[in-house]
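Student: I have a protein model open on my screen and would like to learn how to read it. Could you take me through some of its features?

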Amino acid sequence: MSPEERPARDERAGILGRGPFRMLLGGQAVSSLGDWVGTLAFIAAAYELTGSPAAVGGVLVIRLLPPLLAAPLGGVLADRFDRRRVMVLTNLGMAVLISLAPFAGLALLYAIAFSSEVLAMLFLPARDSTVPDLVPADSLPQANGLVLATSYGAIPFAAALFSGLRLLTPLPEQPLAVPFLFDALTFVVAAVVIARIPIPKRRGGADLRVVEGLGEAYRFARRSPTVRSLAAGMGVAMLGGGVLFAVGIAYVRETLGGGDVEFGYLVSLWGLGMAAGLGGVRLFVRRGEALAFRAAVATCGGALIAMALLPFLWLAFVGALVFGASFAVAIMLAMTLIQRLDEELRGRLVGGAHMLFRVALAIGALGLGGLASGLESVSLVGVDLDGNQIGMAGGGVLILLGAAAASRLTSPDGPPAPDPA
């Protein structure tokens with residue numbers, strides 16, 4: 001096939017017909033599968049070593065800390081160095097760390113969990129900054145949707161795979177060796193695949209320094225109506241969404257009178273909703289990405305409030321489906337709008353977005369969710385609400401405030417004009 005014919009074939013085949021993007025997506029899918037297997041292995045290892053649920057919680061909390069510093073630093077690396085090299089080296093680093101986990105005590109296990117999450121936060125800005133270079137501009141929402149799908153769509157497969165790998169114990173004294181080593185192998189495979197991707201060379205960035213570079217990105221974000229609106233919208237929305245993740249199981253058991261089976265259904269429908277949102281992204285953006293983003297955030301808030309005020313199991317299932325679809329669309333479009341800003345700052349802006357997403361979600365889950373679980377029931381306009389309902393309704397209100405905070409958001413074709421000084 002001639003070089004002239006290849007672009008036409010790629011357009012007809014869609015973004016999956018583009019070899020470089022398909023390779024990036026394939027590497028991401030493999031490493032995501034391994035990463036979720038590894039997450040389950042970390043949880044199981046902490047429990048095996050201590051027999052304490054608190055130790056399991058420690059693993060999860062430690063993996064939430066790195067975004068505070070590592071994600072912005074990853075943005076600087078993505079803007080200064082060759083992004084393909086950053087992705088390859090971080091994947092190889094994670095492979096080395098994970099391969100040590102089966103032989104670690106609790107303290108070293110925590111250190112490995114923390115360090116591997118740091119490398120993941122260095123990897124993500126490079127990955128997301130590369131996507132716009134591999135697909136047409138009008139296909140960017142679909143490309144981000146596919147990347148998000150490979151990140152979260154691997155969860156059910158990883159859970160089943162972990163169960164199977166857990167049965168393979170060639171070393172009885174290290175019962176989790178096979179799942180951890182499988183995780184490490186997936187990072188090696190991802191590194192090999194990504195190393196072969198032809199990523200366009202970028203100009204500039206060689207003299208970029210960490211502090212000055214982050215300061216430049218902060219000043220840009222402070223002046224940009226688009227970044228400010230996205231930060232306010234997604235930050236508050238993630239706080240509210242974190243409440244759902246924290247009180248979800250208590251809501252099903254205590255408020256709805258269900259059990260673990262019903263909670264499993266709720267989680268499954270949330271995942272199905274995410275898949276539906278990603279699959280129907282073209283329908284959501286027909287009237288503009290900014291409008292679709294605000295509508296998706298507002299829909300998340302409305303779904304939470306409805307689930308809180310109308311505690312019926314069937315409605316909770318519908319609400320989980322709607323929440324999952326709108327949540328996926330909101331995250332995907334937020335990343336798309338950020339990627340369309342200043343190319344020289346793209347890595348740092350993406351890194352800041354990852355930091356905001358994860359930190360706000362963690363604060364919502366650990367802080368607001370914990371506060372909600374300790375509240376006594378109250379009567380509101382003749383309706384009795386328990387702590388779970390109060391927390392979910394409060395989270396929904398926060399999300400609606402986030403949608404309102406994004407009212408100045410537009411869909412820029414390029415870098416937004418700064419506000420007048």
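**Reading the inside of a model**

Tutor: Let's start with Phe 323, which touches Gly 241, Leu 244, Trp 270, Cys 300, Ala 303, Leu 304 and Ile 399, leaving out residues up to four places away in sequence. Contact here means heavy atoms within 4.5 Å. This is a predicted model, in which local features need pLDDT of at least 70 and side-chain atom pairs count only at pLDDT 80 or more, while totals for chains, interfaces and linings use all residues. Residues are numbered from 1 along each chain as its sequence is written, and side-chain values use heavy atoms, with hydrogens and water left out.

Student: Which residues have the most contacts inside the largest nonpolar core?

Tutor: A nonpolar core is a set of buried Ala, Val, Leu, Ile, Met, Phe, Trp, Tyr and Cys residues joined through side-chain atoms within 4.5 Å. Buried means under 20% relative accessible area, exposed over 50%, and partly exposed in between (1.4 Å probe, protein chains only). The largest core has 56 residues, and those with the most contacts inside it are Met 234, Phe 293, Val 297, Phe 323, Phe 357 and Met 392. Helices H10, H11, H12 (260-279), H14 (289-309), H15, H16 and H17 (387-405) each supply at least two residues of this core. H15 gives the most, with 15 residues. A second, separate core has 51 residues, including Leu 134, Ala 158, Ala 191 and Ile 197. The helices (H or I, at least four residues) are DSSP runs numbered from the N terminus.

Student: What lines the second largest pocket?

Tutor: There are 19 lining residues, of which Ala 221, Val 227, Leu 349, Gly 352 and Ala 353 lie nearest the centre. The pocket holds about 490 Å³ of space. H16 supplies the largest share of its lining, seven residues. The lining divides into 16 nonpolar, one polar and two charged residues. For this count, Ala, Val, Leu, Ile, Met, Phe, Trp, Tyr, Cys and Pro are nonpolar, Asp, Glu, Lys and Arg are charged, and the others, Gly among them, are polar.

Student: Is Gln 339 buried or exposed?

Tutor: Gln 339 counts as buried because its relative accessible area is 2%. Gln 339 is found in helix H15, and its side chain makes a polar contact with the side chain of Asn 144 (2.7 Å). A polar contact is a pair of N or O atoms within 3.5 Å; within protein, one must be able to donate a hydrogen and the other to accept it, and residues adjacent in sequence count only if both atoms are side-chain atoms.

Student: And how accessible is Leu 106?

Tutor: Leu 106 counts as partly exposed because its relative accessibility is 27%. Leu 106 and Ala 46 are 60 residues apart in sequence and 6.6 Å apart in space, C-alpha to C-alpha.

How values were computed:
1 Å grid on protein atoms, 1.4 Å probe; cavity = no way out; pocket = protein on both sides within 12 Å on 5 of 7 lines; lining within 4 Å. Points joined across faces, edges and corners; volume = space filled by probe spheres on them.
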